[in-house]
Amino acid sequence: MADSGTNGQRDQRSEQGAKEKAAAARVASERVYVPLEDEDSVRASRDVADDEFLEHKRREVSDPREALQTPSMQEVFGPGGLLERCMTAGYEHRPAQLEMAELVHDAFQSHRHAIVEAGTGTGKTLAYLLPAICSGRRVVISTATKSLQEQLYQKDVPFLQKYFAPNLKVAVMKGRSNFLCKAKLHQMADQPVLRGMEEMDAFRQIRDWSKFTETGDRSELTFLTDDSELWPRLDARRETCTGQKCANFSECFVTEMHKRAAEADLIIVNHHLFFADLALKQDDFGSILPEYSAVVFDEAHEIEDVASDYFGRQISNFRFEELARDADIALRLLHLGTPALLRRTQRIRERSRTFFEAFPARDGKFPFTRAERAAFLEQNREAYDELAQALKGLETEFTAVTQKPEELLRLSRRSFELRQEMSFLFESNEGNFVYWFERRNKGVFLAATPIDVSQILRERLFEQFDTAILTSATLTVGGRFDYIRQRLGLDHAKEKALPPEFDYGEQALLYLPKKMPDVRDAGFAGKAADEITELLELSEGRAFCLFTSYAQMNDLYERIRTRVEFPLLLQGTAPRSVLLERFKNTAGAVLFATASFWQGVDVPGEQLSCVIVDKLPFAVPSDPIVAARVKALQEDGRNAFAEYQVPQAVLALKQGFGRLIRTKTDRGILALLDTRIQRMAYGKIFIESLPAYRKTQELSDVARFMEAPSPA
Ligand SMILES: Nc1ncnc2c1ncn2[C@@H]1O[C@H](COP(=O)(O)OP(=O)(O)OP(=O)(O)O)[C@@H](O)[C@H]1O
Ligand code: SF4
Ligand SMILES: [Mg+2]
């Protein structure tokens, strides 16, 4: 999250904001487009070398007087248009893509909100990027995951720069913990506190990389696993950053990221960062993103959940432990580690341990109602008060240090924030919040999450900005946008649901095995492993196996690992973008993954010929947030299963299957191992909501389909 701000900082920021606005306006007015009328301007002949072509374009756009009117979307996406002439790998005329681009373009021009559904693989990315760059406005593009940010930046942006807007400035912004903190790196090099050979080796690699990386983004570290214990001690998170007082501030990777964003036309973020920023703005705590004029939400069906997280409150045992750890490090580095001060941090550690141990030992996510919180406090009042006292004690001691260094002030502020969160979580009772706690591995998380974010988004987003574009392959239920608009508080918007671009009946075969046990049976995993093995043999690998939980993914991976010859990739063993790259470049690869690969991920062509889904992706009904939303709908006299749970799972399944067919020549197998789709009444809703795939219950049909030649 961003730095919290004092008045002075805020003033500086608004001055900065004004400068940024002026810079953005300059950028926008200077941006020029490839002239349409001039045949030569588009690479008519593939014989022209890229460099030559680019040089030609640079010369062409260097004189602003030559700036031309922006092209119409028909001239870009239509047959014989710019796109056709630029796309080296098989342009297809896609009417839905053109229509979407026109709608988005119109929304940008008329400063209105728009909500557009277009099927998976339609080419939505270009259908919003091109109108965005033609708008001349600074546009934030927010997508669901970091891997999708990288896909946009590595695939689509270079394409746009090459053929459409050579001067286009694009910045990628991610949360601070994705970046290396140079100050911490230097500290660790001076006073190594590394555990074992493996960590020393990883540290050496990170240090070498830090010398040449331009971004400092951990996604470039291909060897680093998601659960690395070293990285959190080196990352640039706000809590441990001393800001402008840091000796490395001017060349800090986070400073660089902000600089790039302040000059960019397009800023690519993920929903988490977007809503973290919006929530900070709400509290008047400053902001993370520079000023922008419009926002595009890709994978917009995800917004509700992410926004809920950021407009809620949360604490965990980790935050207390990190505070104590960071305080110890700061005291040591400042040579202030007196026994009295170190006792303070030790006390926080001990008191937080006692307090969090008071929560039930079993893993899971549980509601924490007003009565339950009162009962908890009655039993554990002492532990609660002592933890709050320990924090207060630290703040008092730190404030008493003469010439309070910035590090100590920041630590005091963190401690104060934690006390405030504690009192909100235990002593408030907001009607629109669901209170809950979760125990996961070594963590205990306490949170309050808004049940309904529509009013917050209406006021903070849709009434503050005049142009928000929401798009996804999965926004309508029963052909209408009512569900999503209501959940998000989007009252005024142009809307359109576009027909699919592909001939799903010809291109995809949906396999629904009939003899699987129920997904809740103990025998399910064993039989699922058999089915997946047979399917992989028929598809010669080249598959995504998508699971509804990590546990199921790991279990099936272990069961199948020794039974097939194909190269298997497992989510979590490398950064997502690296896994995706390996998948694309390894013949016959099979990827085992969960939610983050269900949406947006684009692997056109034969390399992905089979998508297997284990279960209907219902949100876990005992999840306190899901339960609270269901209850709220029921209290409103609505049918929560039909109106909330089924639609949500339908949208998720459509997303997962949507990975398979990405172009008109793609073909392949879809498999769903959950027989509830065939047995339960609600199964019909799923079948009816999916594209019109050909269906079978026989593996022999799958074999025949795979043997049939691809259409030209
Ligand atoms: N007109 C076109 N002709 C041929 N290929 C295209 C065209 N437009 C886009 N593509 C390609 O089609 C593929 C799918 O595009 P994209 O990833 O934007 O789909 P999408 O609509 O965002 O799907 P999803 O909902 O799954 O994210 C990409 O490989 C893209 O480069
Ligand atoms: S400015 Fe902050 S994040 Fe950047 S190097 Fe310094 S301490 Fe680390
Ligand atoms: Mg997409």
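In which sense do strand β6 and strand β9 pair, and over how many bridges? Keep in mind that this is a predicted model, then select residues 313-316 for β6 and residues 443-450 for β9. The two pair in the antiparallel sense, over 4 bridges. For a landmark, click on Arg313: it stands opposite Ala448 in β9.

Pick out Arg440 and you'll find it opposite Gly443 in β9. Now look at the turn: β8 and β9 form a hairpin with 2 residues between them. One to click there is Asn441, with a positive phi of about 50 degrees.

Next stop, a pair of helices. Select residues 95-110 for α5 and residues 124-134 for α6. Their axes come within 8 Å and cross at roughly 30 degrees. Angles under 35 degrees count as roughly parallel, so α5 and α6 are roughly parallel to each other. Their crossing is right-handed. To see where they meet, show side chains including Met100, Val104 and Phe108 in α5, and Ala127, Leu130 and Pro131 in α6. The residues of this contact divide into 10 nonpolar, 2 polar and 1 charged.

Last, select ligand 2. Among the residues surrounding it are Cys181, Cys241, Cys246 and Cys252, along with Lys182, Asn248 and Phe249. Color the shell around ligand 2 by class and you get 8 nonpolar, 2 polar and 1 charged residues.

Note on methods: Residues numbered from 1 in each chain as written. Chains lettered and ligands numbered in written order. Predicted model: local features only at pLDDT ≥ 70, side-chain atom pairs only at ≥ 80, totals over all residues. Near = placed C-beta within 6 Å. Nonpolar A, V, L, I, M, F, W, Y, C, P; charged D, E, K, R; others polar. Axes fitted to C-alpha atoms, helices over the stretch in contact; angles between N-to-C directions. Parallel < 35°, antiparallel > 145°, perpendicular 65-115°, else oblique. Left-handed = near helix turned anticlockwise from the far one by under 90°. Contact = placed C-beta atoms within 7 Å. Pairing = 2+ DSSP bridges.
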